[in-house]
Amino acid sequence: MMKTFKIAFAISTALLAGTLFAGAQPTVRVEQAALSGPRVLQDQTRSAVIRDYLRSWQSFDAALDQNRPDLLNADFVGSAKEKLANTIKEQEALGVRTQYHDRSHDLRIVFYSPEGMSVELTDNVEYDVQVVDHDKTTTTQRVSARYIVVLTPAEVRWRVRVFQAVPE
Amino acid sequence: MRASLPFLLALQVVAASSLALAQAPDVSVPKTVEAGAAFSIQCAGNGKATLFIVGPGQVLKQDVQLGESAAFPAGSLYNAGWYTAIVTSTSGTQSASFDVLPQSKPSDVSFLARPSRLPVGIHNAITGAVYVFDSYRNLISAPEEVQFDLSNPAGAVEKKSVTTHDGAAWTEMDSTAQQGSDKFAVHAGSVSSERIVAQVPGDPCGLKMSAKPDGQRIQLTTEPVRDCNGNAVPDGTIVTFTENFRGTQSTVDVPLKRGIAEVQMPAHPGATISVASGVVMGNQIGWQ
């Protein structure tokens, strides 16, 4: 049952528009859900959660690159949004921008709360982070990290409520 | 030649050591830092440089003197996550990464409970899910024991202990046998959160009526209507009386008042009268 499913996600060009690395789509691998909890995760829900999470990387990247917290509104909520918005404030104050480019995601949905109001997934993600200090690129770093992400449903999409890297 | 062999070996060791020193990172970071704790970063070399600490959760920037440690007081870095320390100077850029871990002590929980109202005595009908956070609202991803309990006004308590996985835990509980406002709580360390779950009587159980003549009519009266756990079914619940006589059916819907339902129906000798509430059937009387 630990069979791995490879799902090629065709992320729309529209979602990628505005990223600095247009054309370099991340590879996405979705492991079979290892759910704890009594609630069955329907395929449609699963697809929507993953689609919305991947889209959140686009707005995360754009918001931190342009130092625009408003770009987080569509995809982030709660403490995740507050923390990212604070990071943007810090960046602005320091004259810094950061560019995050996700290269690969290895996703697994690990928890669907019984009342259906939250989904937790883990993402072994690889991304590049570029630091731009007063419009001068200082460095680009390749990062591999394991993220825990909690999403909650909003009117028409799932929004990221917790977005946190944890030790692998 | 015999004398030169040890010398060559020693030379190789020295060369290897030199190589190791040359490859040693110029930025030395702690492997992990607890959220909000003080820490320092060693920056080898000479001269001035700029130190960035970069992660999605925070960005810090500080001018540093190479060869000295850059100290960060408590409260500098408090959002858990993976951070990269980058030192840039005229001689180049070096980096190293480290984890900022959540504090181990829970300070807050997000408690999702459902439903807020349900009938008594239903198996696994109450569900609760919890996410455990530290004082900086970092999800505590290390396993943490949490306790769920459901208590009714009579003091009976149902408890379940669950260990979080990736910061989350859940449980299912039975609704209790007694109607009333129950407290559904979760405890993580010294932190608690509570929800009220209203438990209402279930469907009527053992619905029974009696009949007595009243002139040309029959007076039909139910016994106090209760659910299977003995809770009084609320007033307003509809009770249906049905009289069948010679192929004709008469039905009267009556709301419960003060726990009982009563009605008068035509007294037809040979009629059959039954009582029901929703899908629950009561007794049947043959009128002679």
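Visitor: What makes S79(A), A80(A), K83(A), L84(A), T87(A), I88(A) and Q91(A) count as buried or exposed in α3(A)?

Guide: This is a predicted model, in which local features need pLDDT of at least 70, side-chain atom pairs count only at pLDDT 80 or more, and totals for chains, interfaces and linings use all residues. Residues are numbered from 1 along each chain as its sequence is written, while chains are lettered from A and ligands numbered from 1 in the order in which they are written. A residue is called buried if 20 or more other C-beta atoms, placed from the backbone, lie within 10 Å of its own, and these seven residues of α3(A) are buried. What covers them includes α2 (43–66), β3 and β6 of chain A, together with β5 (59–65) of chain B.

Visitor: How do you know what α3(A) should span?

Guide: The expected span is 1.5 Å times one less than the number of residues, so the 17 residues of α3(A) should span 24 Å, and the end C-alpha atoms, 25 Å apart, agree with that. G95(A), whose phi is positive, near 75 degrees, follows α3(A).

Visitor: What makes residues part of the contact, and how many come from chain A and chain B?

Guide: Two residues are in contact if their C-beta atoms, placed from the backbone, lie within 7 Å; chain A gives 36 residues and chain B gives 32 residues. Among the elements giving two or more residues to the side of chain A is α3 (78–94).

Visitor: Why are β12 and β15 of chain B called paired?

Guide: Strands pair if DSSP finds at least two bridges between them, and six bridges join β12 (residues 145–151) to β15 (residues 180–188) in chain B, so these antiparallel strands pair. F148(B) stands opposite V186(B) in β15(B).

Methods: Helices (H or I, at least four residues) and strands (E, at least two) are DSSP runs, numbered from the N terminus. A residue is buried if 20 or more other C-beta atoms lie within 10 Å of its own, exposed if 12 or fewer, and partly exposed in between; C-beta atoms are placed from the backbone.
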